[in-house]
Amino acid sequence: MGFFKQLKEAWLASVTFDKLDDEFYDQLEEALILADMGVESATDAVAKLRKKVKERLLTRADEVKDALRAILAEKLEVGDAALNLSTTPSIVLFIGVNGVGKTTSIGKLAAQLKAEGKKVLLCAGDTFPGSVLFDALQAAKARGVDVVLCDTAGRLHNKQNLMNELAKLRKIIARECPDSVCETLLVLDATTGQNGLVQARTFKETAGLTGIILTKLDGTAKGGIVVAIAQELQVPVKFVGVGEGINDLKPFDAKEFTADLF
Ligand code: GDP
């Protein structure tokens, strides 16, 4: 995923891995925090790196980079990053506040799935009427649709309200398509940085999140937010949005991401 190379310069280019003294670790920690990784994740990553370097007697810059890559990848691997579409139909709910890129991501994903030969149905449930979802599921069953992509309301005025609405949607799914797998993807805008984490926390409590789509990574040099979000939610980042084009939604791969960073 060559895309992440763009993040590298702004993120870690200032850190040299040649001299493993306190100054190096301080610099590294600062770079990770500046990249929006969050203080806790950054501190923890640096502490783990110190330990690894000491235990394994690492000295060469490439060894230290590899060790750091592995530490970051581990932070990102908090579950299966692949979308589970194992049933017909499979259902994917998209949640997130207005403007984060839900509709755009749905369009991009629909195009990808279609290109793979799947039959896709879009459900505009963005004002949360359960009846729209009900109709969509009826149509999906009648037409032999593979994947139902369902937009939901972006409104997050009230956590209780959101939870109630999601519970309603899940109930309809359980009734109409009891054997279907249902992914619930939280869409977050990477450019909102640590503010995105505040949103993430609120949504975390709605439970049942199975994945994250992190959009607008092309608009930020602060790629560390990917790590902060995975750590905070303990839910895997499944896709990243890297532009406004139809092909600009990429499956997220922790190993590729960390490989590109330095
Ligand atoms: P929604 O309200 O959550 O459905 O958000 P939209 O899908 O309408 O997106 C809001 C804006 O963000 C639109 O102008 C999109 O083109 C833009 N957008 C979405 N994803 C990305 C992305 O990955 N990169 C960039 N640069 N813009 C994006």
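How do the residues of the shell around the ligand divide into nonpolar, polar and charged?

What we have here is a predicted model, where local features need pLDDT of at least 70, side-chain atom pairs count only at pLDDT 80 or more, and totals for chains, interfaces and linings use all residues. Residues are numbered from 1 along each chain as its sequence is written, and side-chain values use heavy atoms, with hydrogens and water left out.

Let's begin with confidence. pLDDT is the predictor's confidence in each residue, from 0 to 100. The chain averages 88, and 92% of the residues score at least 70. Helix α1, residues 5-12, has the lowest confidence, with a mean of 60, while helix α5, residues 102-115, has the highest, at 97. Helices (H or I, at least four residues) and strands (E, at least two) are DSSP runs, numbered from the N terminus. A word of caution: where pLDDT is low, the predicted coordinates should not be read in detail.

Now, the ligand. It is surrounded by 15 residues, and the closest are G99, T103, T104, D218 and E244; here, a residue counts if one of its heavy atoms lies within 4 Å. Back to my question: the shell holds three nonpolar, seven polar and five charged residues. In this scheme Ala, Val, Leu, Ile, Met, Phe, Trp, Tyr, Cys and Pro are nonpolar, Asp, Glu, Lys and Arg are charged, and the others, Gly among them, are polar. Helix α5 gives the most to this shell, with four residues.

A backbone N or O atom of K216 lies 3.0 Å from an oxygen atom of the ligand, and a polar backbone atom of G243 is 3.3 Å from a ligand oxygen. Taken alone, the ligand exposes 580 Å², and the protein buries 74% of that. Those areas come from the Shrake-Rupley method with a 1.4 Å probe.

Is T215 buried or exposed? T215 counts as buried because its relative accessibility is 5%, and buried means under 20% relative accessible area (1.4 Å probe, protein chains only). Leaving aside neighbours within four places in sequence, T215 is in contact (heavy atoms within 4.5 Å) with residues including V100, S105 and G241.

Finally, D36 sits in the loop between α2 (22-34) and α3 (39-55). D36 is buried as well, at 10%.

Terms used: Polar contact = N/O pair within 3.5 Å; in protein donor to acceptor, adjacent residues only side chain to side chain. Buried < 20%, exposed > 50% of the residue type's maximum accessible area, 1.4 Å probe, protein only.
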